[in-house]
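Here are some short notes to read alongside the model. Please keep the structure open while you go through the points.

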Amino acid sequence: MNSTVESTRARSRRRFGIDTVTETGVAALFFALLAVVPLFADDYMIYILPQYMLYGVLAMSLALLWGFTGIVSFGQAALFAIGGYVMGLCMGLTLPINPGYVGIVAGAAFSGALAGIIGYFLFSAGVRSTHFVLITLALAIITQQIAVSQSWLTGGWNGMFVARMSVSPGAQGSIPGDTVFYMFILVFSAGCYFVVRHILCGRFGKILAGIRENEDRLTAFGYRIDVYKSAAFALSGVIAGLAGSLYATTSGFVTPSLAGVLFSTQVLVWVAIGGRHSLLGAFAGAMLVASLSSYVSAIIPDYWQLIVGVLFILVIIYFKKGLAGLVESVGRWLQRRKAA
Amino acid sequence: MTAPLLETRNLGKRFRGLVANSGIDFRLHPASSHCIIGPNGAGKTTFLSMISGHLSPTEGEIRYRDMDVTRRSVVYRARHGIARKFQTPSVFPELTVWQNMELPAMRVERRRKAVHERVQRVLERVRLWEHRQVAADHLSHGQRQWLEVGMLVAMNAQLLLLDEPAAGMTKEEKAATATLVHELVGDLGLATIVIEHDMDFVRLLDTRVTVLHMGSVLTEGVFDDVANDERVRDVYLGNQL
C-alpha cells in the first residue's frame with residue numbers, strides 16, 4: 001500500500017519524463033561543482049574542460065531529439081562544425097562590435113535555419129525516423145566534403161585557425177585568460193541547460209513527448225507534427241551551432257573531421273552513456289566520456305576506443321537509461337532506506 | 001429536419017482489384033449515434049478511415065457540416081471536430097492519464113488554467129479522475145478505451161468515430177461504456193458512429209444500425225428489425241443470436 005502512495009507521489013512530480021524538483025537540485029549542484037574546479041585544478045584542466053562542456057552542450061542538442069522527441073540524428077556533428085566555421089569566418093572580420101558575439105549568433109542562426117529547412121522538407125514529406133537517420137548521416141558526410149573541397153573558405157584538410165574571442169562586447173576587448181574563459185563557457189553551458197529545460201517543461205516539450213510516444217494519435221488530434229518535429233530539429237540545430245561556434249573559439253581550431261560521421265557517432269555514444277532521457281545526463285555523459293577518452297588514450301593509445309566501445313555496450317545492455325538512470329535509481333534506493 | 005452533420009454519397013474504396021467499400025450513402029445528424037455492424041472484412045474500418053481522412057476514397061463524396069472534406073487531411077478534419085478512436089487503444093503509454101489528456105486539451109486551449117479545467121472535467125466524465133496519476137500503460141484495457149474516448153472529447157470533437165470501443169471489456173465495463181456514449185450524445189450533443197462486433201453492446205447502445213456486407217450497405221434500421229432480417233441472419237448474425 002505504502003509503495004503505491006509513494007510511487008504515485010513520485011510520479012506526480014514528474015513532468016513528461018522530467019523529474020523537475022530533483023533534477024534542478026542535482027543540476028545546480030553539478031554546475032556549482034564545475035564552478036569551483038579552477039580553484040584547485042591544474043592549468044591543463046582549466047584549458048581543456050571548457051571544450052568538454054561544449055561537447056556536453058552538443059550532447060544536449062541530441063538528447064533533446066533522441067530522448068525527448070524520439071528522433072535519432074547522425075548529423076549533430078555537422079551542425080556543430082557549421083557553427084564552428086561560421087565563428088571562424090566572423091572572427092576574421094573587422095566589425096564595430098565584438099565579432100565573437102556576432103559569430104555565436106550567426107553560427108546558431110545558420111545551423112538552426114539549416115536544420116529547420118532540412119527538417120521541414122523531410123518531415124512534411126512524411127519521412128519517418130529510420131530514414132531520417134540515414135539522411136542526417138548524409139548531412140554529416142556532405143558537410144565534411146564541403147569543408148574539405150572549399151579550401152578557399154575553410155582551409156581544406158588543414159582546417160582553420162580561430163582566434164579566441166574577447167568576453168567584453170566592444171570591438172577592442174582584451175583576450176581573456178583561461179580561468180576567465182572557463183567561467184564564461186560554464187555560465188553559457190549552464191544557461192543553455194536551464195533554457196532548454198524550461199522549454200521542454202512547457203507546452204512545446206509536452207507535444208514532443210507526445211510525438212515520441214505516439215505520433216499517429218497526435219496527428220489525429222489535429223497537431224501538425226511535421227511542424228513540431230522540424231521545430232525540434234531546428235532548436236537542436238541552434239544549440240549545436242551555439243556549442244560549435246564557442247568550441248571553435250575555445251579550441252582555436254576547426255577541421256573537417258569535426259563535421260564527420262565519426263564525431264557524430266561519438267556524440268551518440270556520449271548521450272547513450274549519459275542517459276538520453278536526461279539533459280543533465282547527456283551533458284555529464286559527454287564531459288565524462290570525453291575526459292576519460294583523453295586520459296585513457298594517453299596511457300594506452302591503442303586500446304582506448306575499445307574501452308569506450310565496451311562501456312557503450314555495457315550501458316546499452318544493463319543501463320538503458322544511462323548514468324542519469326543509474327543516479328536516479330540510487331537516489332530512489334536511498335530514499336526508500338531512509339523511509340524504512 | 002435539420003441538416004445532417006455528416007453525409008457520404010456513393011462512397012467507395014478500391015485497393016487495386018479488391019473492392020473494400022462501394023456506393024455507401026450515409027447520413028448522420030448532430031447529437032445522434034449510429035452503429036455499424038457486419039462480418040469481418042465487410043469494410044467497416046475502411047469506411048471509418050475514409051471519414052477520418054486516414055484513407056482517401058476512390059469514388060464518391062464526404063460532406064461534413066456542409067463542407068466537402070473528401071480530399072482534406074486528417075489534421076484538417078480533426079481541427080474541425082472529426083475525432084477517431086482506433087481499433088486497438090491508441091494512447092501515450094509512458095505518460096500519466098493526466099498528461100495524456102493534456103495533449104488534446106492543449107490543442108484547443110492556450111491558457112494553462114483552461115487546459116487544467118478541461119482535463120479535469122473530461123477525466124471526471126470518463127471515470128478516470130482517481131487514476132489521473134497512473135501511467136496509461138498500467139490501466140486496464142477497458143480504462144484505456146475510456147481514456148482514448150475522453151481524449152476525443154477533450155479535443156472538442158463534434159463527431160466521434162469509435163472503432164470497437166467495447167472490445168475486451170467486462171460486462172460491467174460494457175454497460176458503463178454504453179452509458180458514457182449516451183451521455184456524450186445526450187449531455188454534450190456529440191454525434192457518434194460506433195463500429196462493434198458485440199451484439200450485447202449494440203443492443204445496449206440502442207441506436208439505429210447499418211449492416212455492411214462485402215463493402216456495401218445490406219440494410220439499415222433499428223436493432224430489432226435489423227436483427228430479425230433474414231439476410232442479416234444469413235451473412236452475419238446467424239451464429240450469434
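1. Chain B contains nine helices and ten strands. Its radius of gyration is 18 Å, close to the 18 Å that the globule rule gives for 241 residues, so chain B is as compact as a globular protein of that length. The model is a predicted one.

2. Along its principal axes, the C-alpha trace of chain B spans about 50 × 40 × 40 Å. Of the 241 residues in chain B, 46% are buried. Among contacts in chain B between residues at least 6 apart in sequence, 66% join residues at least 24 apart.

3. Helix 3 of chain B, residues 97-108, is mostly covered, with ten of its twelve residues buried. The buried residues are Val97(B), Trp98(B), Gln99(B), Asn100(B), Met101(B), Glu102(B), Leu103(B), Pro104(B), Ala105(B) and Met106(B).

4. What covers the buried residues of helix 3 of chain B? The cover includes helix 4 (112-125) and helix 5 (141-154) of chain B, and also helix 9 (203-220) of chain A.

5. The contact between the chains takes 19 residues from chain A and 20 residues from chain B. On the side of chain A that touches chain B, helix 1 (2-13) and helix 9 of chain A each supply at least two residues. Helix 9 of chain A gives the largest share of that side, eleven residues. Sorted by class, the side of chain A that touches chain B has seven charged, six polar and six nonpolar residues.

Definitions and conventions:
Residues are numbered from 1 along each chain as its sequence is written. Chains are lettered from A and ligands numbered from 1 in the order in which they are written. This is a predicted model: local features need pLDDT of at least 70, side-chain atom pairs count only at pLDDT 80 or more; totals for chains, interfaces and linings use all residues. A residue is buried if 20 or more other C-beta atoms lie within 10 Å of its own, exposed if 12 or fewer, and partly exposed in between; C-beta atoms are placed from the backbone. Helices (H or I, at least four residues) and strands (E, at least two) are DSSP runs, numbered from the N terminus. Two residues are in contact if their C-beta atoms, placed from the backbone, lie within 7 Å. Ala, Val, Leu, Ile, Met, Phe, Trp, Tyr, Cys and Pro count as nonpolar, Asp, Glu, Lys and Arg as charged, and the others, Gly among them, as polar. The radius of gyration is taken over C-alpha atoms; the globule rule is 2.2 Å times the number of residues to the power 0.38.
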